[in-house]
Amino acid sequence: MDNLKPIGQGQARKFLVKQRIEITLEMRETVVMRYGDLILSAFCPHCQLDVAMATPLSAASLLRTGERDIFRMIESNSIHYVENELVLVCMRSLDALRNAVSQ
Ligand SMILES: [Zn+2]
């Protein structure tokens, strides 16, 4: 009864109930990959590891940016990439760049 405090006077007293309600909001992020997006495992000569590699379009989808921005990062050597039949960007270097930008 510690949390009940009378309001007003007389017989018809009302009680104010103090109650603490905690609401936890959980944010979830959904990344929607478009048809044709491609992420695969391939050797990155810079990392000297098998890493996740993505097409510039897939990388752009993940970063919510344009494919052109990904090509700018490739041209400025900001991210690792390999070029065979496809241009593939190293998700490890992309993640490192993203973390550096967000700090
Ligand atoms: Zn790499």
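Trainee: What do E3 and E4 form, and how many residues are between them?
Mentor: They form a hairpin, with 4 residues between the two strands. Gln 48 in that turn has a positive phi of about 60°. Keep in mind that this is a predicted model, where local features need pLDDT of at least 70 and side-chain atom pairs count only at pLDDT 80 or more, while totals for chains, interfaces and linings use all residues. Numbering starts from 1 along each chain as its sequence is written.

Trainee: What makes E3 and E4 a pair?
Mentor: Strands pair if DSSP finds at least two bridges between them. E3 and E4 are joined by 6 bridges and run antiparallel, so they qualify under that rule. Ser 41, for instance, stands opposite Ala 52 in E4.

Trainee: How do you know that E4 also pairs with E6?
Mentor: Residues 49–54 of E4 and 87–90 of E6 share 2 bridges, again in the antiparallel sense. Met 53 stands opposite Cys 90 in E6. The whole open sheet has 4 strands in the order E3-E4-E6-E5.

Trainee: Why do E3 and E5 stand at the edges?
Mentor: E3 (39–44) and E5 (81–83) each have a single partner strand, so one side of each has no neighbour in the sheet. Neighbouring strands here are turned by 40° against each other on average, ignoring direction.

Trainee: How many helices and strands does the protein chain have?
Mentor: It has 3 helices and 6 strands. Both are DSSP runs numbered from the N terminus: helices are H or I with at least four residues, strands E with at least two. From the N terminus on, the order is β-β-β-β-α-α-β-β-α.

Trainee: Why are H1 and H2 called roughly perpendicular?
Mentor: Their axes cross at roughly 110° and come within 8 Å. Angles of 65 to 115 degrees count as roughly perpendicular (under 35 is roughly parallel, over 145 roughly antiparallel, the rest oblique). So H1 and H2 are roughly perpendicular to each other.

Trainee: Which residues meet where H1 and H2 are in contact?
Mentor: Pro 56, Leu 57, Ala 59 and Ala 60 in H1 meet Glu 67, Asp 69, Ile 70 and Phe 71 in H2. Being in contact takes C-beta atoms, placed from the backbone, within 7 Å.

Trainee: What makes Val 51 partly exposed?
Mentor: Val 51, in strand E4, has 19 C-beta neighbours inside 10 Å, so it counts as partly exposed. Its contacts, not counting residues up to four places away in sequence, are Cys 44, Cys 90, Met 91 and Arg 92. Val 51 and Val 89 are 38 residues apart in sequence, and 9.8 Å apart from C-alpha to C-alpha.

Trainee: Which residues in H1 are buried, and what covers them?
Mentor: Pro 56, Ser 58, Ala 59 and Ala 60 are buried. Their cover includes E3, E4, H2, E6 and H3 (91–102). Just after H1, Arg 64 takes a positive phi of about 55°. Across the protein chain's 103 residues, 17% are buried.

Notes
Axes are lines fitted to C-alpha atoms, for helices over the stretch in contact, and angles run from 0 to 180 degrees between N-to-C directions. Two residues are in contact if their C-beta atoms, placed from the backbone, lie within 7 Å. A residue is buried if 20 or more other C-beta atoms lie within 10 Å of its own, exposed if 12 or fewer, and partly exposed in between; C-beta atoms are placed from the backbone.
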